[in-house]
Amino acid sequence: MKQYVVGVDVGGTNIKLGIVGPSGQVIVRNSFATKPFASSRIKLISALASQIEASIVSSGLIKKQIAGVGVGLPGLVDYEKGIVRFLPNIPGWREVHLKSILQKKIKLPVFIDNDVKIITLAESQFGAGRGVRNLVCLTLGTGVGAALILNGQLYRGEDNAAGELGHMPLNEHGPKCNCGGFGCFETYVGNRALFALASRVMGRPGMTTETMFALAQKGNKKALVYWKMAAKQIGNGLVGIVNLLNPRLIIIGGGVSNNEKYLFKTITDTIRLRAMGLQGSAFKIKRAKFKDDAGIIGAYVLVTNAQR
Ligand SMILES: [Zn+2]
C-alpha cells in the first residue's frame, strides 16, 4: 500500500525533510542547510533528490510504499504546472520546472506548492483548523504569508497565486514594500515593522518582539502598550478579510504567534469592534498547532489530495 509521503520544506536557511504516515505522523526527519547549495539551482535540486532517497532508505520503507513527494517552497509556485515561478530569498529560481525535473530523478510522483499553502493544508486536516470549512491561516514573521480554506478546500486563485494577504495595500502613502507596492499589510506587521515600532515605543534601538515579550512578562508598562499597538495593527488588517470572507477561524502561526498572550485578545477585540456585526461575531482566533513539522505534514495532505 502506498500510504507514506516524503515531505520537503524548502526554506531560505534550512531544508527539512520527513516521511509522513496516514494519520499525519512523521516517522523520519532529516534536514540540511540551504546555503551551501543556494549558489546553483542544479546543485540544490541534486541535493534534494539525494536527501529524499536517503530519507526513504533510513525509514526502512521501499518506494512501492511511497505515494509521492510533496515540496513546499517560499515563493510563487504554480501547483498545477509544477513550475516554481520565483523565490525571493533563494537566488536564481525563476521559472524552474521542478516537478518534472525531480520526478525524473527520483522516479516518484512529485507535487510542489507555496509553503504557506502547504502549512495551511496541515492545519486544516490535522491541526487547529480540523473540521472548519472556512478559515484564514496567517504566518507572521519576517514576511507575512497567508492562505485560505474556502468551502473546505484550499483556494488557489486563477494563477495559483491567491492568498497574498501580506500584500494587501492598507495605505497608498504608506512605507514601500518588498513587492514594489506601498503601505502593504506586511509593512505594518512584518518583523521589521514590529521591531521598529518596539524601538520607537521604548525610545532605544535594537528592540525585538522577543525583548518586548520579556519586558511585558516583567510588567513593563511601555511593553504592554507596545503589544496593544502591535495587536491593533494586525487586527486592523484583518477586518476587511473577516467582512469579505466570513471565516469561522483565523489561525495565526510564525514567530510572532509565540506572543499569543499579549496579542490574540486585542486582535479579536479590534476586529469585533470594526467588522460588520454578523461577520465580526462569528470568528475565532487560534494559534497554529504545528511548528517545525508543519511543512512536512502539509506535504502529506498535498500529495494525498492530489491523488484522490
Ligand atoms: Zn507588498
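Mentor: Let us start with pairing: two strands are said to pair if DSSP finds at least two bridges between them. In this predicted model, Val69 stands opposite Val110 in β8, and strand β4 (residues 66-73) pairs with β8 in the parallel sense over five bridges.

Trainee: What makes strand β8 (residues 110-114) largely enclosed by the rest of the structure?

Mentor: A residue is buried if 20 or more other C-beta atoms lie within 10 Å of its own. Five of the five residues of β8 are buried, so the strand is largely enclosed by the rest of the structure. Over the protein chain, buried residues make up 41% of the 308 residues.

Trainee: Why is Lys107 called exposed, and where is Lys107 found?

Mentor: The limit for an exposed residue is 12 or fewer other C-beta atoms within 10 Å; Lys107 has 10, and therefore counts as exposed. Lys107 is found in the loop between α2 (98-106) and β8, and has a positive phi of about 55° although it is not a glycine. Most residues other than glycine have a negative phi.

Trainee: Why does Asn160 count as partly exposed?

Mentor: Asn160 has 18 C-beta neighbours inside 10 Å, which falls between the limits of 12 and 20, so the residue is partly exposed. Asn160, in the loop between β11 (153-154) and α4 (186-189), also has a positive phi, of about 60°, although it is not a glycine.

Trainee: How do you know that the largest nonpolar core lies between domain 1 and domain 2?

Mentor: That core has 87 residues, and those with the most contacts inside it are Val8 and Ala299. Its largest share, nine residues, comes from helix α7 (residues 221-245). Domain 1 (4-119 + 292-306) and domain 2 (132-287) both give residues to the core, so it lies between them. With neighbours within four places in sequence left aside, the contacts of Val8 include Val69, Val71 and Ala299.

Trainee: What is in contact across the two domains, and how far apart are their centres?

Mentor: Taken over C-alpha atoms, the centres of domain 1 and domain 2 are separated by 28 Å, while eight residues of domain 1 are in contact with eleven residues of domain 2. On the side of domain 1 that touches domain 2, β5 (76-78) and α3 (115-126) each supply at least two residues, and by class that side has five nonpolar, no polar and three charged residues.

Trainee: How do you know whether the radius of gyration of the protein chain agrees or disagrees with that of a compact globule?

Mentor: With 308 residues, a compact globule would have a radius of gyration near 19 Å, and the protein chain has 20 Å, so the value agrees. Along its principal axes, the C-alpha trace spans about 60 × 40 × 35 Å. Among contacts between residues at least 6 apart in sequence, 63% join residues at least 24 apart.

Technical notes. Residues are numbered from 1 along each chain as its sequence is written. This is a predicted model: local features need pLDDT of at least 70, side-chain atom pairs count only at pLDDT 80 or more; totals for chains, interfaces and linings use all residues. A nonpolar core is a set of buried Ala, Val, Leu, Ile, Met, Phe, Trp, Tyr and Cys residues joined through C-beta atoms within 7 Å. Helices (H or I, at least four residues) and strands (E, at least two) are DSSP runs, numbered from the N terminus. Domain bounds come from an automatic or database domain assignment. Two residues are in contact if their C-beta atoms, placed from the backbone, lie within 7 Å. The radius of gyration is taken over C-alpha atoms; the globule rule is 2.2 Å times the number of residues to the power 0.38. Ala, Val, Leu, Ile, Met, Phe, Trp, Tyr, Cys and Pro count as nonpolar, Asp, Glu, Lys and Arg as charged, and the others, Gly among them, as polar.
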